[in-house]
Amino acid sequence: MFWIFKKRFDFYRMLVNQTRKSQETLEALNAYLEKPTKDARNKVDFAEKEADRIRGNLVMALNASFVTPFDREDINGLSRAIDDMADYAKSTVQEMEIFEVAPDAHLREMAQAMELGARMTLEAVSLLSGDGPSRNERVGELLVKIKKTENYIEKKYRQALKDLFSASDIILILKTREIYRHLSNAADRMDEAANILGDILMKTG
């Protein structure tokens, strides 16, 4: 009887809210890279903490729910990938300050592309609760664009490394490489979110 009375949760809404906060974290990262002030850093931290809070609520809801709108593994996996995108935005700022690395053109280009990809991910997640061929077509288009964006970021990452290793300051090379890697990892997690969205689309379409 316990299972019968388990509460129903709006997982669509929670995923949308979480994705929006991840997108806002990446937007704040871009603002920080343009002007790395304490206030800009705090905005990144605040948005990431909000994304974490929503992620935590979603996990608790999964544990307390008997019925979910689609596979709970897909809900958790999508939420985790979206959370990682925000986490890498925060860690980018943290390590830039710890290592005293200034923003450069490569970081800005990768971060701008990540924020664009996050916006497209948000739109795709927002469409999940709909149905019909128009939903499937639009989400499919977005997933293709997200994957192209991930490829673009990886290309920029490799170019950034090439330019970086032409420098003579070994310590700066090592520190900056780690920061570049955070954005490359964020792009990987965005690609994973797109893969899971594609799986959800096939299962629910």
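**View 1. Helices α1 and α2 cross in a left-handed manner.** A crossing is called left-handed if the near helix is turned anticlockwise from the far one by less than a right angle, and right-handed if clockwise. Helices (H or I, at least four residues) are DSSP runs, numbered from the N terminus. This is a predicted model, in which local features need pLDDT of at least 70 and side-chain atom pairs count only at pLDDT 80 or more, while totals for chains, interfaces and linings use all residues. Residues are numbered from 1 along each chain as its sequence is written, and side-chain values use heavy atoms, with hydrogens and water left out. Helix α1 (residues 11-34) packs against α2 at an angle of about 165°, and their axes are 8 Å apart. Axes are lines fitted to C-alpha atoms, for helices over the stretch in contact, and angles run from 0 to 180 degrees between N-to-C directions. The two helices α1 and α2 are therefore roughly antiparallel to each other (angles over 145 degrees count as such). Their contact (heavy atoms within 4.5 Å) has 14 nonpolar, five polar and seven charged residues. Here Ala, Val, Leu, Ile, Met, Phe, Trp, Tyr, Cys and Pro count as nonpolar, Asp, Glu, Lys and Arg as charged, and the others, Gly among them, as polar.

**View 2. D10 caps the N-terminal end of α1.** A side-chain oxygen of D10 lies 3.4 Å from the backbone nitrogen of Y12. The 24 residues of α1 should span 34 Å at 1.5 Å a residue, and its end C-alpha atoms are 35 Å apart, which agrees. The expected span is 1.5 Å times one less than the number of residues.

**View 3. Helix α2 (residues 38-64) packs with helix α3 (residues 72-99).** Their angle is about 160° and their axes are 10 Å apart. That makes α2 roughly antiparallel to α3. The crossing of this pair, α2 and α3, is left-handed. The residues of the contact of α2 with α3 divide into nine nonpolar, two polar and twelve charged. Among those taking part are R41, V44 and D45 in α2, and R72, I75 and N76 in α3. Just after α3, E100 has a positive phi of about 55°.

**View 4. Helix α5 (residues 133-164) and α6 cross at roughly 165°.** Their axes come within 9 Å. That makes α5 roughly antiparallel to α6. The contact of α5 with α6 has 16 nonpolar, eight polar and eight charged residues. The crossing of α5 and α6 is left-handed.

**View 5. D169 lies at the start of α6.** A side-chain oxygen of D169 reaches to within 3.2 Å of the backbone nitrogen of I171.

Terms used: Angles under 35 degrees count as roughly parallel, over 145 as roughly antiparallel, 65 to 115 as roughly perpendicular and the rest as oblique. A polar contact is a pair of N or O atoms within 3.5 Å; within protein, one must be able to donate a hydrogen and the other to accept it, and residues adjacent in sequence count only if both atoms are side-chain atoms.
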